[in-house]
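Have the model open while you read.

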Amino acid sequence: MNARVRDIVAENFAPAATAGDAGGLAAAVYIAGHIQFFNYGLADRSSKRAITPDTLFNVASVRKVFEAALVALGTLRGEIRLDDPVSKYVTELNGDYIRRVTIGQLATHTSGLLLATDHPPWPNESYLLAEFLGVLNAWTPPAGEQPGKQRIYTHAGYVLLQLALERRYGVPINQLIENRILRPLGMNSTLLPARGPDNRAVMNPKFMQRVVQGYSHDGMPIGPPGNQQSYYDFPGTGQMFSSARDLAILLSACLGGGPADPQLRKALQMTQHEMFRVDEKFGQAMAWENIAVEGMDVVDKPGGLNNASAYVGFIPERKVGIILLANRAEFPHEIARYRVLPALARLEPIFRQSIVGH
């Protein structure tokens, strides 16, 4: 059965992670409570360093599922409400539009916000905190959007959500994620490092030795290992780094496995529930996206930068999931959503029976 899983992964991903492609790929598959790791290509072509399950990648917007989990955990503990106006915590917000936006709308991309930092052409300048708050206060939607009435993916909304969480708890966002999620789950190789003046992550040399070199989709190196990018120049707005092995712990907890605290496990499940219906096949949860594929409900979250790609996806009903971490831009994660996850779901009952029989 392990060989059948390996064949599915190799058939779909090996052609997209060849020796001629930039960087490589670390993948983890969860099926019937069992995790397998698969590695392709190089973490750094100049040193010929191979990718392993413990190689550290920039996970880009996959970070958002951790902020969503903080929100869910806070609601379960009675510390925060989804219908709280964000201005309750970020008291500098007083604009006509932004003061009507809620915590839940930020978490589900239904706030209506769409700033210049959310879409191309990407701005050249970065935003200090005071400038960011000023832009939010002046925000007027261009097409009559209203809070909670549409789904518009926004990075700025999650930057604001991070700030609101910091204000609510009086703790930096990296410490909140570490104390409330990473440490309870036992995720010891997931980091939210500060961003240095050269846009490089500030981290322990032992971790830095495990970080990939990032590449563009056409193979050009972009930044040094540990490169971080952001249009927001204030603490908490950098990127998260993690490994396939560490994210497999999160994946297991999302599917009800592992030693997660029952309340944290409930919070992770809460983030997966659809909260806004976009169309007949697509819905939005808290950070996670909900997609109907071959009659099954896929929950997933892709992320990407110009030198990194990441994906976590699973089918809760079938207890199967997959993680993809690539050190290049535009890795085709749709392969996982539409081909690999359905194939694993078809295999899961046989796999489960083989484990029980063994």
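Is Tyr232 buried or exposed? With a relative accessible area of 4%, Tyr232 counts as buried, because the cut-off for that is under 20%. Keep in mind that this is a predicted model.

## Aromatic pairs

Searching the whole structure turns up seven aromatic pairs. One of them joins Tyr127 and Tyr232, with ring centres 6.2 Å apart and 40° between the planes, which makes the pair tilted. Tyr127 sits in the loop between α3 (103–107) and α4 (129–138), while Tyr232 is in the loop between α7 (205–208) and β7 (241–242), so their pairing ties together parts that are 105 residues apart in sequence.

Tyr127 is buried too, at a relative accessible area of 14%. Both tyrosines belong to one aromatic cluster, together with Phe132 and Phe234.

## The nonpolar cores

Phe132 shows up again in the largest nonpolar core, which has 77 residues. Phe132 is among the residues with the most contacts inside that core, a list that also includes Phe66, Leu136, Leu160, Leu165 and Leu250. Helix α5 (residues 155–169) is the top contributor, giving nine residues.

Zoom in on Leu160: leaving out residues up to four places away in sequence, Leu160 touches Val86, Val90, Leu93, Ile98, Leu106, Leu113, Phe132 and Leu136. There's also a second, separate core of 33 residues, with Val5, Phe13, Val29 and Phe351 among them.

## Charges over rings

Two arginines are worth a click. Arg45 has its charged end over the ring of Tyr215, 4.6 Å from the ring centre. Arg180 places its charged end over the ring of Tyr169, at 4.3 Å from the centre.

Technical notes: Residues numbered from 1 in each chain as written. Predicted model: local features only at pLDDT ≥ 70, side-chain atom pairs only at ≥ 80, totals over all residues. Heavy atoms only, no water. Core = buried A, V, L, I, M, F, W, Y, C linked by side-chain atoms within 4.5 Å. Buried < 20%, exposed > 50% of the residue type's maximum accessible area, 1.4 Å probe, protein only. Helix = DSSP H or I, 4+ residues; strand = E, 2+ residues; numbered from the N terminus. Contact = heavy atoms within 4.5 Å. Phe/Tyr/Trp six-rings, centres within 6.5 Å; stacked < 30°, edge-to-face > 60°. Lys NZ or Arg CZ within 6 Å of the ring centre and 35° of its normal.
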